[in-house]
Amino acid sequence: MKYVDFKSINSRRDKKQVERNNFTPKIEIVFRRKENGIFEKIFNVNDGIFTVRFREDKRGVKAHCSCPAGRYKMLCRHIIQCVTEDKEIAELLRDYGLLTIYEGHLNKIKEAEKLEREAKNLKKNFARLLLE
């Protein structure tokens, strides 16, 4: 996935074009710490600064992000970035079996994308053979 600094894009039309091309804003980690079983990262994102916390409790691992999506208990890009880029957090999730579930999710997405490409190719071949 490509990263683009949205501050360098001037017009609203250019921003829409970048979003359509599946670009994401640049996310930068500015602070990280671990204490008392709580992992905390602070992200500097183009639209604000957000805190991501992972904590262990007797039921497993829980995550929270202070971004708008996180406040609605949605899985946001900040949490995903922590899971994919921080080995210590990935190991913590692996210990509880959560990383395996996430990796299974990613594999299913890849399979679905492959099936979608195959379906499009079949449709193109059908159209090529059927239409004048």
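Student: Where is Leu-99 placed, and why does this residue count as buried?

Tutor: Leu-99 sits in helix α5; helices here are DSSP runs of H or I with at least four residues, strands are E runs of at least two, and both are numbered from the N terminus. Its relative accessibility is 7%. Buried means under 20% relative accessible area, exposed over 50%, and partly exposed in between, with a 1.4 Å probe and protein chains only. So Leu-99, at 7%, counts as buried.

Student: What kind of model do these values come from?

Tutor: This is a predicted model, in which local features need pLDDT of at least 70 and side-chain atom pairs count only at pLDDT 80 or more, while totals for chains, interfaces and linings use all residues. Residues are numbered from 1 along each chain as its sequence is written, and side-chain values use heavy atoms, with hydrogens and water left out.

Student: Which residues is Leu-99 in contact with, leaving aside its neighbours within four places in sequence?

Tutor: Contact means heavy atoms within 4.5 Å. By that rule Leu-99 is in contact with Val-83, Ala-90, Leu-93 and Arg-94, once neighbours within four places are left aside. Ile-89 is ten residues away in sequence, and its C-alpha lies 9.6 Å from that of Leu-99.

Student: How do you know that the buried residues of α4 line one face of the helix?

Tutor: Helix α4 covers residues 87-95, and its buried residues are Ile-89, Ala-90, Leu-92 and Leu-93. Seen down the axis, these fall within an arc of 160°, so they line one face of α4. That arc is taken from the directions from the helix axis to the C-beta atoms. As background, an α-helix has 3.6 residues a turn, so residues three or four places apart point the same way.

Student: Which exposed residues sit on the face of α4 turned away from its buried side?

Tutor: Lys-87 and Asp-95 do. The relative accessible area of Asp-95 is 62%, so this residue passes the mark for exposed.

Student: Is Gly-97 buried, exposed or partly exposed, and what makes it so?

Tutor: Gly-97 is found in the loop between α4 and α5. Its relative accessible area is 27%, which lies in the middle range, so Gly-97 is partly exposed.

Student: What makes the phi of Lys-73 worth a look?

Tutor: Most residues other than glycine have a negative phi. Lys-73 is not a glycine, yet its phi is positive, at about 60°. Lys-73 is placed in the loop between α2 (68-71) and α3, and at 79% relative accessibility it counts as exposed.

Student: Why does Thr-51 count as buried?

Tutor: Thr-51 lies in strand β5, and its relative accessibility of 16% is under the limit, so it counts as buried. Beyond four places in sequence, its contacts include Glu-40, Ile-42, His-64 and Cys-65.

Student: What makes a space a pocket, and how much space lies in the largest pocket?

Tutor: On a 1 Å grid over the protein atoms alone, a pocket is an open set of points with protein on both sides within 12 Å along at least five of seven lines, and lining residues have an atom within 4 Å of a point. The largest pocket holds about 540 Å³, a volume being the space filled by probe spheres set on the points, which are joined across faces, edges and corners. Of its 21 lining residues, the closest to the centre are Val-61, Lys-62, Ala-63, Leu-75 and Ile-79. β5 (48-57), β6 (60-65), α3 (77-85) and α5 (98-130) each supply at least two lining residues.

Methods. 1 Å grid on protein atoms, 1.4 Å probe; cavity = no way out; pocket = protein on both sides within 12 Å on 5 of 7 lines; lining within 4 Å.
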